[in-house]
Amino acid sequence: MTIEKQFWKLIFYWIKYLNYQIVYRDKEDREIWLSNKQKQKLVIFKTDVSSSQELRFDKSRVLEHQEEIKDYTGFKVNEVVFNYLTEKMFTYENLNEVHPLKTKFNVIRNSKDLNNIFPNPLFKKIYIRKDDKTSLYYKRRVLSSNPLEKYMMKFAPITYSLISINIIVWLIMFLVLNAFSDTRLIDLGGLVHFNVVHGEWYRLVTSMFLHFNFEHILMNMLSLFIFGKLVEAIAGHWKMLGIYMISGIFGNLVSLAIDNVSISVGASGAIFGLIGSLFAMMYISKQYDRKTLFQLIGVLIILTIISLFISNVNIYAHIGGFIGGILITFIGFYFNIDRKKFWILTGVFVLIIIILIIRTLTIKEDNIYDKLIKDEMSQGNYNKAEKLVEHTMNKGYEDDETYYLSGLIKATNDSKAEGISTWERGLKYYPNSSILHYELAIANRSLGDKKSALKHIEVAYKNNPHNKKYKYLKEEMTKENESRDK
């Protein structure tokens, strides 16, 4: 066993996988202190130990200076673990204690001793994998002064889990469902104003795990890997998840309050929330340098520019997510620091959400299914359009315009009589529909039934007197009927 390499590798793995950070290092880098605030634990790695007296000295040093250690680490230490890596042989008594401070001593001379210090079997399995890296590699990674590099070094299970979920969903869509059409994206949970105002609020979440194509998910997952790891390393695992989800939902609410016609999918709103959170953390910490700030701003600009060249990008969700990430980070920060500011910011955040919801529910809804039907018709795909009509009616989202479009399709694919029958059937459900009465007026006029045509156009004009088409047709039909009566 190479003592030097194992010394730095152990420190690296404790930082990467167990969420520790360096709080002290001696001048020769032979003694490194790592702390974990959540566990209130201190782990000391030390090499070049040659006698049991050094172990007792270290123990007394820690026990006699607990207050100084508290000031140094920023929290009260409840447990200290000493890990000594050495090739020297010496005898030592059991120095482990539980009171007044829990202390544990490990002297590591070989692989067997090394196995005894691993916190769990999974960690051990990861650690003992084949490794061709040098002690210098681990030392450089551990002692790096670049804050972004230090954060990227840490293990980020939440980020990896989110990436995995997104990729699995995309693979199912690609390999199993072949679900990249607008209709399938809506059915799978894409964000659409029309569906949300009809009660499908779950789309605020489900849309965050769907993507349009390979380029879309590739860009989003690369961004999530970078910014997710940074936020998770700084804020912690569950806080990062909270920031991600809340930012994504907030961004989707902003999108719904502004855009009532688009289909929106993707994780980019939540990812921009992570970016906003990073800026908020930098402001809070007051420890950032210009280089780090410019790096983040540069990445933000690049992502924004790239997103402009990708189809179906929802810029409103990006902006909303960014703002949501900033707000939720400040709310979390002030929860323990300043309760007055916490409640003010929470109140502002909730008020904005209420306003967005009210705006979403009150702006004119546009039936997305009718839009998709018209898109297929404009491209001459009447068979696909007819299937979309059936799909819309099966879901119960049809309206008078759906029947109007269905009648046009029937008149084109089958006969004029089928079209008229469809419009008349629509009038049973929507008796005051101007568009259906107008089409029936034109159809009956072409068949020579001017009396029925005049009746329909009068209803259409009565219900929508500002429509010039209805006005002109009514005037023409009235004159024709007057001329016939004379």
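View 1. Gly-419, Ile-420, Thr-422, Trp-423, Gly-426 and Leu-427 of α21 are buried, where buried means under 20% relative accessible area, exposed over 50% and partly exposed in between, with a 1.4 Å probe and protein chains only. Seen down the axis of α21, the buried residues fall within an arc of 160°, so they line one face of the helix; the arc is that of the directions from the helix axis to the C-beta atoms. On the face turned away from this buried side are the exposed residues Ala-417, Lys-428 and Tyr-429. The model is predicted: local features need pLDDT of at least 70, side-chain atom pairs count only at pLDDT 80 or more, and totals for chains, interfaces and linings use all residues. Residues are numbered from 1 along each chain as its sequence is written, and side-chain values use heavy atoms, with hydrogens and water left out.

View 2. Helix α21 covers residues 416-429. At 1.5 Å a residue its 14 residues should span 20 Å, and the end C-alpha atoms are 21 Å apart, which agrees; the expected span is 1.5 Å times one less than the number of residues. The buried residues of α21 pack against α20 (400-413), α22 (434-446) and α23 (450-463). Helices (H or I, at least four residues) and strands (E, at least two) are DSSP runs, numbered from the N terminus.

**View 3. The open sheet of 5 strands.** The strand order is β1-β2-β3-β4-β5, with mixed pairing; two strands pair if DSSP finds at least two bridges between them. β1 (21-25) and β5 (102-108) stand at the edges with a single partner strand each, so one side of each is left without a neighbour in the sheet. Strands β3 (residues 41-47) and β4 (residues 79-85) pair in the parallel sense over 7 bridges, and Val-43 stands opposite Val-81 in β4. β4 and β5 also run parallel, joined by 7 bridges, and Tyr-84 has Val-107 in β5 as its bridge partner. In β5, 5 of the 7 residues are buried.

**View 4. Helices on the sheet.** Helix α2 (residues 52-63) lies across β2 (31-36), β3, β4 and β5, running at about 155° to β4. Helix α3 (residues 66-73) touches β1, β2 and β3, and its direction makes about 130° with that of β1. Contact means heavy atoms within 4.5 Å; axes are lines fitted to C-alpha atoms, for helices over the stretch in contact, and angles run from 0 to 180 degrees between N-to-C directions.
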